[in-house]
Amino acid sequence: MANPSCMPNLKLLALPVAQMCILELYGDVLVTSPLQFGFKKKLSTSHALYTLRRTVEYYVNGGSTVNAALLDLSKAFDNVHYATLLQRLIDVGMPVGIVALLARWYGGAYAFVRWESCLSTCFSLSAGVRQGGVLSPVLFNVYVNSLIQKLQRSKCGCVIGSEFLGCIMYADDLVLLSPSLCDLQKMINICVDEAKCLNLKFNAKKSCIMHFGARYMRHCQKLLLDGNEVVSVSTARYLGVLLRAGKSFGVSLHYMKSNFYASFNSIFHRVAKFQNELIVLHLVSAYCMPYLLYATVLA
């Protein structure tokens, strides 16, 4: 168990207000790449999708074909290695005292398995950020930021002007963009190598390759993810939309309309007995319309 003298600090750190104070005081050293759109103020999935679209359109309008690799990190939040995370925090300039407090907090984490009325013996946790913690998303961003930095230094992938746009990340959802398949393979290899250093692993079965541009239907060389072939697909789900490969960047509107009608039918079936139309309109507006309005920046 943790040192008893540390327990008051650990209990205090577990409070959301204490974690928010750390963010307020040291948020400037926890800044990560602008290519990471997840868990940041004034940024959402729409910004990531907009960046993806504009990057693809820039190259397609110039006559190039953009190859996109949608990579899946397996249980990324549960596999954050504590020792590596703490070293990352020291590297970015987090005060040693705060890092030591976080080390004690995470080092004192225990869990057990419940099966019906039976409980297993307690075991210590050595990986995984705290679920629901205010600090957890920011710590995860710092943890995986080196992956984006190594991709930037590789000089592979899409670039507009002097801005590198070869990768777009939203939390653990990663997309690699490159007009060259050879460069895309190099970028995938960089991701695999860095993921191993971070105690993370990519799932080739849930990853895929898409092509946008005039030559999107041409037979291309196979791309490998940690020795496993990544399949090329014509459609793929990404951040709530269904991307569609083609001569230009596209999304499936049918997918969005299907979700709208499914939600509408479910609500209308339950509230049809109510005579107050305002109630029905409010429910449709709150639970159905977002399916049509989501990511309208892509329309």
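**Reading the chain from surface to core**

Guide: The accessible surface of the chain comes to about 16700 Å², and 58% of it belongs to carbon and sulfur atoms. Please bear in mind that this is a predicted model.

Visitor: What share of the residues in the chain is buried?

Guide: Of the 299 residues in the chain, 43% are buried. The C-alpha atoms fill a box of roughly 65 × 60 × 40 Å along the principal axes, and the chain has ten helices and 15 strands.

Visitor: How should I read the nonpolar residues of the interior?

Guide: In soluble globular proteins, nonpolar side chains tend to be buried together. Here the largest nonpolar core has 51 residues, and Leu89, Leu174, Leu176 and Phe202 have the most contacts inside it. Elements giving two or more residues to this core include helix H4 (82-91), helix H6 (136-153), strand S9 (173-178) and helix H7 (181-197). The largest share, nine residues, comes from H6.

Visitor: Which residues does phenylalanine 202 contact, leaving aside its neighbours within four places in sequence?

Guide: With those neighbours set aside, phenylalanine 202 is in contact with Leu71, Asp72, Leu73, Ser74, Leu147, Leu174, Cys191, Val192, Ala195 and Leu225.

Visitor: How much do contacts between residues 24 or more positions apart account for in the chain?

Guide: Among contacts with a separation of 6 or more, such pairs account for 71%.

Visitor: Where is glutamine 36 found, and what does its side chain reach?

Guide: Glutamine 36 is found in the loop between helix H2 (16-26) and helix H3 (45-61). Its relative accessible area is 1%, so glutamine 36 is buried. The side chain of glutamine 36 reaches the backbone nitrogen of glycine 38 at 3.0 Å. Beyond residues up to four places away in sequence, glutamine 36 touches Asn141, Val144, Ile148, Met169, Tyr170 and Ala171.

Note on methods
Residues are numbered from 1 along each chain as its sequence is written. This is a predicted model: local features need pLDDT of at least 70, side-chain atom pairs count only at pLDDT 80 or more; totals for chains, interfaces and linings use all residues. Side-chain values use heavy atoms; hydrogens and water are left out. Helices (H or I, at least four residues) and strands (E, at least two) are DSSP runs, numbered from the N terminus. Buried means under 20% relative accessible area, exposed over 50%, partly exposed in between (1.4 Å probe, protein chains only). A polar contact is a pair of N or O atoms within 3.5 Å; within protein, one must be able to donate a hydrogen and the other to accept it, and residues adjacent in sequence count only if both atoms are side-chain atoms. Contact means heavy atoms within 4.5 Å. A nonpolar core is a set of buried Ala, Val, Leu, Ile, Met, Phe, Trp, Tyr and Cys residues joined through side-chain atoms within 4.5 Å. Accessible areas come from the Shrake-Rupley method with a 1.4 Å probe; for residues, only the protein chains shown count as cover.
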